[in-house]
Amino acid sequence: MKRFAVSFLGHFPQLSSYHHHLGSPPNCSPMFLNRFLSQTLLCSSSTDTRPFPDYSPKKPTIRDLEFAHQITSTIKLRRFEPLPRILKPYESKFQSNHLIWVLMKIKNDYGLVLDFFEWACLRRDPTLEVRSIVVQIAVASKDLKMARWLILDFWRKPNLDVSLSFTHFVEQLLYTYKDWGSDPNVFDVFFQVLVEVEMLDEAMKFFDKILNYGVVISVDSWNLYLSRLPDSLHGCWKAMKVFIELPQVGVCWNTASYNILIHLFCQLGKIKDAHLLLLQMEFRGCIPDVVSYSTIINGYCHIGELQKVLRLIREMQIKQLNPNPCTYNSIIHLLCKMGKVVEAERILREMINEGIYPDFVVFSTLIDGLCKRGNLSAAYMLFHEMQRWRIMPDLLTYTSLICGFCQIGNMIEADKIFHEMCGRGLEPDEVTCTALIDGYCKVGKMKDAFLLHNQMVQVGLVPNVVTYTALADGLCKSGELDTANELLHEMCGKGLQLNIITYNAMVNGLCKAGNIVEATKLMEDMEVVGLNPDTFTYTTLMDAYCKAGDMSKAQELLQRMLDRGLQPTIVTFNVLMNGFCMSGMLEESERLLKWMLDKGITPNAITYNSLMMQCCIRNNMCATTTVYRGMCAQGVLPDSNTNNILIKGHSKARNMKEAWFLQKEMVGKGFSLTASSYNAMIKGYLKRKKFLEASELFDEMGRQGLIVDKEIYDLFLDIKL
């Protein structure tokens with residue numbers, strides 16, 4: 001037997017290693033676990049079984065027999081009359097033993113048994129012996145629902161001594177089995193109720209007890225037991241123990257059993273072990289179903305293993321298993337998390353084409369993904385499609401849309417959705433309100449932000465650190481630093497801890513106000529309270545020093561940041577690049593660009609734009625063109641600002657052919673010229689005496705509502721005069 005236990009574990013090499021993690025119970029070694037399992041198996045599989053005890057109730061007196069006979073005759077002859085009325089004469093002398101003696105005479109009439117038992121229960125609480133008898137009769141009559149209720153009703157009694165009651169109940173169940181029912185399903189029902197009321201240890205003791213009588217609990221009951229084990233290492237250890245032991249005593253695990261264990265492993269993040277169990281299923285004679293695959297796919301989706309997910313999907317297709325809504329939702333959620341929203345939407349369409357109706361979770365996941373990617377038009381269309389499917393959006397769906405519109409500063413749409421949500425009876429929570437407050441703050445609507453904050457408090461919602469940070473950030477951007485400070489003191493007074501985002505908002509506000517000394521002091525305060533400045537903190541201060549023309553301080557901050565192991569972002573480098581360029585340090589700018597490329601850091605359009613602008617200021621269009629070509633060679637796409645810089649540079653240098661060509665190319669790509677670009681081109685044409693071209697651009701500016709420089713306006717007046 002011991003050899004079998006070890007060899008069975010050998011088929012699950014990953015599971016064997018679990019004994020080190022799970023253990024064995026706490027403080028137990030894997031060797032102890034192996035010994036423990038083999039010993040338990042040896043005890044549990046004993047071939048010696050006990051016979052069920054004979055039922056021998058208390059012997060009635062002649063008078064008791066006559067009394068029981070009278071009751072039996074009365075309820076049989078007058079069975080269609082209410083029992084309380086026909087048994088009224090017998091109430092005063094009725095005792096618990098009379099109930100058993102009457103039940104012995106009517107046990108084959110199940111309906112009458114229930115009626116009589118109900119009448120007796122109204123007079124006095126039934127003994128465990130009586131309750132067990134009726135449970136046995138109910139199971140023998142195939143009324144498992146009633147049997148379950150009778151057992152459950154007992155365990156719901158207040159102030160029970162669970163240990164003592166459990167022992168007595170089991171004894172009575174065994175005692176009454178042979179003569180009152182002899183249906184082994186009664187033990188399944190009792191076991192299931194113990195599991196349902198979370199008496200898992202008692203359920204295991206009950207199993208050990210009845211095993212001595214040769215009774216084995218069904219696999220469905222054990223599946224219920226496995227499903228109720230906690231999602232913890234201890235719960236997983238118990239599940240494995242049961243899974244390994246029980247086949248030796250006749251329990252044959254089925255697909256549902258494996259699915260429960262797979263789910264438990266996935267909940268603990270042990271996805272590879274769950275996958276190994278899936279592979280072992282068929283070897284053990286169990287065919288994996290869509291639930292088996294979906295559970296593991298969901299597990300891999302949670303840890304971002306897209307390739308493994310795709311392989312499992314192909315495996316399902318080979319086995320002709322169609323993905324269910326859970327499978328699709330897991331994949332859609334993963335794709336959205338990875339930013340592959342287009343692919344996620346394609347999966348949704350495939351799902352619909354397969355005849356699987358998407359549920360609320362699928363739509364909400366995809367809408368949230370689209371909103372986070374800033375694709376609000378697609379999210380809004382999906383929102384309406386969801387309702388056409390008669391799936392009503394909930395608070396989370398509305399909040400996703402509100403957050404999305406707030407992020408892009410479209411507060412009109414955000415307000416519209418918010419009021420639509422409230423109109424449908426959905427009450428906003430702290431997350432919804434904070435998203436709106438943050439949106440108001442971003443667009444400078446501080447009055448609306450504080451109004452919503454006050455409404456939150458009035459309805460019992462508690463603003464959190466994110467809410468206060470949004471308000472503080474808005475106040476800082478509006479230049480109201482003193483008010484922001486007061487707000488943060490109020491926040492601390494409410495027991496909320498300032499976080500890195502709150503401090504960064506204050507540092508940013510102080511820097512924008514030109515108070516670099518206070519911003520630096522605040523960064524030092526962060527470290528005092530145990531918060532380490534992050535890349536954003538350093539970048540914000542570097543930007544302030546760059547704008548103040550103190551490039552040595554900015555470079556010092558960069559070095560300190562690198563010494564602390566923080567990775568600069570492209571924004572950090574763009575801040576430095578802009579600082580060098582604004583300070584006229586073109587050589588340093590070029591060295592920074594070369595260093596970035598040598599380190600494999602890809603600059604973006606903003607990086608190149610700063611450098612090109614400085615070259616244009618120096619009227620060095622040859623250097624500007626070199627930078628532009630280098631940008632294109634790196635695969636960086638020019639943006640609207642790139643073209644405007646080049647147009648202004650060429651116009652200033654009177655290279656009007658190049659400026660004209662760039663203008664046409666820019667318009668063809670859907671970009672718009674700025675007023676300064678139009679003014680530069682008009683000046684360039686005027687200096688070249690090309691009055692017709694200048695006049696056309698002048699009129700075009702007027703049609704687009706752009707403001708012409710006064711100098712140009714006066715020149716055109718002189719020309720027309």
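## Salt bridges between separate parts of the chain

In this predicted model, Lys157 counts as partly exposed because its relative accessibility is 25%, which falls between the limits of 20% and 50% for that class. The side chain of Lys157 meets that of Asp125 in a salt bridge, with an N to O distance of 3.2 Å. Lys157 sits in the loop between α9 (144-155) and α10 (162-180), while Asp125 sits in the loop between α7 and α8 (128-140), so that distant parts of the chain, 32 residues apart, are linked by the pair.

A salt bridge of 2.5 Å, N to O, joins the side chains of Glu196 and Arg148. This pair links helix α11 (residues 185-196), which holds Glu196, to helix α9, which holds Arg148, across 48 residues of sequence. Glu196 is partly exposed at a relative accessible area of 24%, and Arg148 is partly exposed as well, at 32%.

Arg123 and Glu91 form a salt bridge through their side chains at 3.0 Å, N to O. Because Arg123 lies in helix α7 (residues 110-123) and Glu91 in the loop between α5 (83-86) and α6 (96-106), the pair ties together parts that are 32 residues apart in sequence.

## Count and network

The count of salt bridges comes to 26.

## A positive surface patch

Lys652, Arg654, Lys657, Lys687, Arg688, Lys689 and Lys690 form a positive surface patch. Within this group, Arg688 lies in the loop between α39 (675-687) and α40 (691-703), and Arg688 is partly exposed, with a relative accessible area of 46%.

Methods: Residues numbered from 1 in each chain as written. Predicted model: local features only at pLDDT ≥ 70, side-chain atom pairs only at ≥ 80, totals over all residues. Heavy atoms only, no water. Patch = residues over 30% accessible without salt bridge, like charges linked within 9 Å, V, L, I, M, F, W, Y side chains within 5 Å. Areas by Shrake-Rupley, 256 points an atom, 1.4 Å probe, with all protein chains shown as cover. Salt bridge = Lys/Arg side-chain N within 4 Å of Asp/Glu carboxyl O. Lys, Arg positive; Asp, Glu negative; His and termini not counted. Charge placed at Lys NZ, Arg CZ, Asp CG, Glu CD. Helix = DSSP H or I, 4+ residues; strand = E, 2+ residues; numbered from the N terminus. Buried < 20%, exposed > 50% of the residue type's maximum accessible area, 1.4 Å probe, protein only.
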